[in-house]
Amino acid sequence: MRARGGEAVMRAILLQLPVQTHDYLYSRENLPLALGYLAACARSALPQVGVTIAPQEIMSYGGDARIVRWLEGEAPGLIGFGVAVWNLERTIHLCRELKKRLPETFLVLGGPEVTEDNDYLLRQGGFDAGVVGEGEETFVALLDALLRGRSLRAVPGLLLREGESWALTPSRALVERLDRIPSPYLGGIIEPSFLGSVFLETVRGCPYRCAYCYYHKSYPRVRTFPLDRIRRELCWALERRVKDVTIIDPCFARRPHLPELLEMMAEVNSGGRSRVQCELNAEDLDGDLVKLLARAGVNSIEVGLQTTNPTALDLIHRRFSPDEFLTGVRRLRETGILTVVDIIVGLPGDTLDDVKRSVDFLVANEAFDDLKLYPLSVLPGTELRQRAGDLGLRYRRDPPYYVLETAEMTRDEIKEAFVYGEEAVGEDLFPVELPHLETLPQRSAEDPGVVSQIVLGCAGEGSKPIAVTSTEIGQGLTIMLRKEEGRASLAEVRRLIEPLLVANPFTLVDWVFATDNFPSADELKEILYWSLRKDHPLNREEFATYSPVRSTQVFVLRWPRSGDQPIVTGIPSGEEMEPAGTPGRKVCWIAFPDSISNADEEGHLRSLGERLGSPGNLEFRLGDVGELNARERRDLRLRTAHLTFL
């Protein structure tokens with residue numbers, strides 16, 4: 001804070017870290033709508049406070065060191081982070097680093113992870129306060145109190161540190177009229193995502209009380225945004241040629257005055273210029289409503305079945321009518337609306353046979369276009385978290401709080417449920433996540449971009465090593481040894497790469513080798529020893545059938561004699577190389593280009609077997625690599641850097 005003309009001035013910067021993926025997909029989709037609401041309200045109520053949202057290139061693409069360095073340079077009086085299950089740990093890491101560099105800056109967290117029973121969050125520290133529940137009015141009051149030097153204990157809706165513990169200030173009432181919250185779209189605070197998508201919130205609150213969900217705790221009453229405002233936001237999106245509009249309302253079919261909203265959307269979005277997605281319960285649909293959804297441009301709907309077991313349904317407070325469900329889904333599919341159906345594995349009351357029956361119900365009735373199975377997350381603040389002991393739920397205490405076993409299902413049975421789901425639908429429920437394998441534009445002093453790819457090679461005559469600093473690295477890094485010129489010294493590779501990863505502990509890593517450069521099994525273990533962060537949140541998923549996404553992945557490329565697409569092989573590490581019940585078997589994911597010859601295929605498999613030291617014990621799961629150079633995979637913000645070892 002500083003004085004200017006007798007007026008106190010404060011700068012605040014808000015950030016929401018993305019869901020991390022190796023291909024930066026969710027970096028391009030990271031849309032900080034909640035932060036936009038906060039900034040819009042603060043600008044309206046406290047114009048003397050400069051509230052901005054961090055640039056997307058920093059917030060969504062940057063590695064840890066890049067984000068910290070940028071914030072250190074900005075040195076605001078307050079930094080606010082939106083936290084959810086996918087970014088909490090990384091956010092806490094950044095807070096700790098920022099406290100070392102900006103000890104006077106006030107650090108505040110907000111979002112669904114900020115609850116009084118989130119033991120993981122409360123153990124971490126590194127931040128000064130948390131905003132609990134609906135945040136707009138609390139955030140404005142927090143800024144005002146800091147600005148005036150007043151006690152924060154008088155601000156309702158905060159989580160504050162008191163010595164070695166945390167305490168809640170009195171709860172804050174919900175905003176009665178949502179039209180008091182300015183639109184961050186219409187106010188020019190946020191723009192569509194880099195993928196050309198927006199989130200649209202038309203209500204707050206949910207009529208249901210599902211025991212696994214926290215949303216209804218934050219918003220227990222259903223309140224609607226004005227129809228005219230939604231119209232203007234939709235027009236704003238269409239003027240910017242937005243491709244996808246995701247309505248984030250829970251149980252959209254139960255929204256008050258839904259027919260009027262859909263009629264307006266059909267008028268504004270005539271011809272389906274933007275694709276619209278939403279979530280609802282199939283039992284809430286009738287024929288007229290489905291027709292209205294289609295006219296409004298809705299092309300994809302997520303339907304939460306969760307389970308068909310009456311015992312589990314009763315425990316989680318869900319209703320289910322088989323006939324009404326099937327009628328609703330059939331109406332959607334007959335209208336041409338893509339229908340995605342969800343099942344949660346590990347619900348209290350569900351046995352393995354119950355999960356199988358839920359899958360069988362959907363398959364036998366052809367009641368989906370896409371079926372998703374998810375492990376239960378026992379989220380902070382939910383009824384299931386509060387009753388976990390009584391219900392026999394054992395779960396991870398760190399994000400994403402996956403269930404480990406229940407009173408009805410062992411760990412092995414939970415995993416078997418996913419195997420059964422894959423076999424029933426004939427699809428991989430845990431698809432391999434590929435990094436950018438194509439060559440990206442070269443980084444330069446004039447156009448540094450975000451370094452997401454490093455190509456290592458031997459120094460040629462007259463060449464000089466190129467330096468890459470840790471603050472240039474993105475949230476994902478592909479390290480390629482593609483030249484067929486012999487393997488590099490592992491010590492030299494470590495010297496070049498390890499410092500970058502130490503400074504960016506949450507950066508996802510992909511090692512990509514050419515067949516002739518692929519290390520031996522012992523050498524690969526050594527590389528993974530120093531480049532794999534075992535406590536990364538991505539490494540906690542234990543129910544994938546064969547090929548879980550991990551924070552560090554290994555791929556091998558081989559270019560056939562004909563064609564310009566490589567054979568791509570994913571090599572798992574450690575215990576993941578051996579599926580349950582088959583000790584000694586190593587399961588690899590592999591995708592062949594259509595034009596490959598038998599000789600190239602056999603040569604590649606033979607070479608891999610020799611490198612891994614067990615040619616007779618290899619098992620391959622066939623995948624589809626798709627178009628590696630597809631336009632939609634390219635990202636103009638990402639760069640490659642060439643490093644040489646001497």
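Within what distance do the axes of helix α14 and helix α17 come, and at roughly what angle do they cross? The axes of α14 (residues 352-364) and α17 (residues 411-425) come within 9 Å and cross at roughly 15°, where axes are lines fitted to C-alpha atoms, for helices over the stretch in contact, and angles run from 0 to 180 degrees between N-to-C directions. The structure is a predicted model, in which local features need pLDDT of at least 70 and side-chain atom pairs count only at pLDDT 80 or more, whereas totals for chains, interfaces and linings use all residues. Residues are numbered from 1 along each chain as its sequence is written, and side-chain values use heavy atoms, with hydrogens and water left out.

Two packed helices are described by the angle between their axes and the distance between the axes. The helices α14 and α17 are therefore roughly parallel to each other (angles under 35 degrees count as roughly parallel, over 145 as roughly antiparallel, 65 to 115 as roughly perpendicular and the rest as oblique). Helices here are DSSP runs of H or I with at least four residues, and strands are runs of E with at least two, numbered from the N terminus. The crossing of α14 and α17 is right-handed, a crossing being right-handed if the near helix is turned clockwise from the far one by less than a right angle, and left-handed if anticlockwise. On the α14 side, Leu 352, Val 355, Lys 356, Val 359, Asp 360 and Val 363 meet Glu 413, Glu 416, Ala 417, Tyr 420, Gly 421, Ala 424 and Val 425 of α17, contact meaning heavy atoms within 4.5 Å. By class, these residues divide into eight nonpolar, one polar and four charged (Ala, Val, Leu, Ile, Met, Phe, Trp, Tyr, Cys and Pro count as nonpolar, Asp, Glu, Lys and Arg as charged, and the others, Gly among them, as polar).

A second pair is formed by α18 (residues 490-503) and α19 (residues 521-531), whose axes come within 10 Å and cross at roughly 20°. That angle makes α18 roughly parallel to α19, and their crossing is right-handed. Among the residues making this contact are Leu 490, Ile 497 and Leu 501 of α18 and Ile 527 and Trp 530 of α19; by class, the contact has six nonpolar, one polar and four charged residues.

The axes of α2 (residues 33-45) and α7 (residues 136-148) come within 9 Å and cross at roughly 50°, and the two helices are therefore oblique to each other. Here Tyr 37, Leu 38, Cys 41, Ala 42 and Ala 45 in α2 meet Glu 136, Phe 139, Val 140 and Leu 143 in α7, a set of eight nonpolar, no polar and one charged residue.

Arg 180 lies in the loop between β8 (165-168) and β9 (197-200), 43 residues apart from Glu 137.

Turning to the backbone, most residues other than glycine have a negative phi, and most peptide bonds are trans. His 257, in the loop between β12 (244-247) and α10 (258-268), has a positive phi of about 60° although it is not a glycine. A cis peptide bond joins Pro 399 and Pro 400, with omega about 5°.
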